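Dear colleague,

I am handing over the structure below, and my notes on what was found in it follow directly after. Please read them with the model open beside you.

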Amino acid sequence: MSINCPKCQSRSIIKNGHRRGKQNYQCKSCGRQFIESYSEVGYSRKVKEDCLTMYLNGNGFRAIERITKVNHNTVIRWVKQIGNQLADSKEDYEKPEVVQLDELQNL
Ligand SMILES: [Zn+2]
């Protein structure tokens with residue numbers, strides 16, 4: 001099993017119970033907690049970066065899937081993860097008002 005911390009890439013990972021039926025892990029280096037799906041077993045970081053780069057360059061998820069053979073749902077999840085990490089790491093990052101309103105309406 002090769003799991004890297006999504007925050008600091010450390011491999012010093014301990015199991016930390018379960019969350020919503022999935023294995024929960026905690027990084028011993030930075031204390032970050034994350035669930036199993038955070039690390040995509042079977043895809044290298046290179047593949048993930050390629051997919052995200054293609055997305056940022058304006059490719060659709062289906063196009064990325066066709067070229068990289070990575071399921072588009074996986075790519076969508078990666079994009080969301082990156083968005084969350086950006087939100088975590090940038091203190092002055094502000095979500096657009098529209099997004100927040102949409103989230104409230106979906107509650
Ligand atoms: Zn870490």
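Of the 107 residues of the chain, 10% count as buried, a residue being buried if 20 or more other C-beta atoms, placed from the backbone, lie within 10 Å of its own, exposed if 12 or fewer do, and partly exposed in between. This is a predicted model, in which local features need a pLDDT of at least 70 and side-chain atom pairs count only at pLDDT 80 or more, while totals for chains, interfaces and linings use all residues. Residues are numbered from 1 along each chain as its sequence is written.

As to confidence, the chain averages a pLDDT of 79, and 72% of the residues score at least 70; pLDDT is the predictor's confidence in each residue, from 0 to 100. Among the elements, helix α2 (residues 61-68) has the highest mean pLDDT, 95, whereas helix α4 (residues 97-106) has the lowest, 51. Where pLDDT is low, the predicted coordinates should not be read in detail.

The secondary structure comes to 4 helices and 3 strands, where helices (H or I, at least four residues) and strands (E, at least two) are DSSP runs numbered from the N terminus. From that terminus on, the elements run β-β-β-α-α-α-α.

The strands form an open sheet of 3 with the order β1-β2-β3 and antiparallel pairing, two strands being paired if DSSP finds at least two bridges between them. β1 and β3 stand at the edges, each with a single partner strand, so one side of each is left without a neighbour in the sheet. Neighbouring strands of this sheet are turned by 35° against each other on average, direction ignored, with axes taken as lines fitted to C-alpha atoms, for helices over the stretch in contact, and angles running from 0 to 180 degrees between N-to-C directions.

In more detail, strand β1 (residues 13-19) and strand β2 (residues 22-27) pair over 5 bridges in the antiparallel sense; I13 has C27 of β2 as its bridge partner, and I14 stands opposite Q26 in β2. These two strands form a hairpin with 2 residues between them, and R20 in the turn has a positive phi of about 50°.

Best regards
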